[in-house]
Amino acid sequence: MVSKDLTMPTHHHPAKAAANAKEWIVEPVSAQIKASRQHAGLTQCQAAEKTGCTQAYISKIESGRQVPTVRVLLIFCEVYNCQIIISK
């Protein structure tokens, strides 16, 4: 009898892919956004006024509970005068 490995590779397993995305993308981007805001000398409330986002939304993004759209990332980059780098 031939035994087959039926486990899916990480890129085909939704739960593992989501965990990897959080570790490789969401957490680093969230940290960069928060650091950039702080480097710009802005509170979350001030950043909300300048970006048109709510303070609650910014808090969720910075804590990794919300994934920003590319449009929102571009707004943050413009307001904070920074670049967001995504790499593995």
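## Ground rules

Buried here means under 20% relative accessible area, exposed means over 50%, and partly exposed covers what falls in between (1.4 Å probe, protein chains only). Helices (H or I, at least four residues) and strands (E, at least two) are DSSP runs, numbered from the N terminus.

This is a predicted model, where local features need pLDDT of at least 70, side-chain atom pairs count only at pLDDT 80 or more, and totals for chains, interfaces and linings use all residues. Residues are numbered from 1 along each chain as its sequence is written, and side-chain values use heavy atoms, with hydrogens and water left out.

## The overall picture

The protein chain has four helices and zero strands, so its pattern along the sequence simply reads α-α-α-α. Of its 88 residues, 27% count as buried.

Contact means heavy atoms within 4.5 Å. Taking contacts in the protein chain with a separation of 6 or more, residues 24 or more positions apart account for 50% of them.

## Helix α2 and its two faces

Start with α2, residues 44-51. Its buried residues are Q44, A47, A48 and T51. Looking down the axis of α2, these fall within an arc of 105°, so they line one face of the helix; the arc is that of the directions from the helix axis to the C-beta atoms. An α-helix has 3.6 residues a turn, so residues three or four places apart point the same way.

Over on the other side of α2, E49 and K50 are exposed. After the helix comes G52, with a positive phi near 85°.

## Where α2 meets α3

Two packed helices are described by the angle between their axes and the distance between the axes. For α2 and α3 (residues 55-62), the angle is about 110° and the axes are 8 Å apart. That makes α2 roughly perpendicular to α3. As for the terms, axes are lines fitted to C-alpha atoms, for helices over the stretch in contact, and angles run from 0 to 180 degrees between N-to-C directions. Under 35 degrees counts as roughly parallel, over 145 as roughly antiparallel, 65 to 115 as roughly perpendicular, and the rest as oblique.

On the α2 side, Q44, C45, A47, A48 and T51 make the contact, and on the α3 side Q55, I58, S59 and E62 do. By class, that gives four nonpolar, four polar and one charged. Here Ala, Val, Leu, Ile, Met, Phe, Trp, Tyr, Cys and Pro count as nonpolar, Asp, Glu, Lys and Arg as charged, and the others, Gly among them, as polar.

I58 sits in α3 and is buried, with a relative accessible area of 0%. Setting aside neighbours within four places in sequence, I58 is in contact with Q44, A47, A48, T51, C53 and F76. I58 and I33 are 25 residues apart in sequence, and their C-alpha atoms are 9.1 Å apart in space.

## Where α2 meets α4

The α2 and α4 pair also packs at an angle of about 110°, here with the axes 10 Å apart. The two are therefore roughly perpendicular to each other. A47, K50 and T51 in α2 meet I75, F76, V79 and Y80 in α4. This contact has five nonpolar, one polar and one charged residues.

## Helix α4 and what follows

In α4, the buried residues include V72, L73, F76, C77 and Y80. Seen down the axis of α4, its buried residues fall within an arc of 140°, so they line one face of the helix. V70, R71, L74 and E78 are exposed on the other side of α4.

Next comes N81, in the segment after α4 (70-80). N81 has a positive phi of about 55°, although it is not a glycine. Most residues other than glycine have a negative phi. N81 is exposed, with a relative accessible area of 72%.

## Two more residues to look at

R37 belongs to helix α1 (residues 14-39). Is this arginine buried or exposed? R37 is buried, with a relative accessible area of 7%. Not counting residues up to four places away in sequence, R37 touches L42, T43, Q44, A47, E62 and Y80.

Q66 lies in the loop between α3 and α4 and counts as partly exposed, at 30% relative accessibility. Beyond its neighbours within four places in sequence, Q66 is in contact with Y57, K60 and I61. Q66 and V26 are 40 residues apart along the chain, with their C-alpha atoms separated by 8.5 Å.
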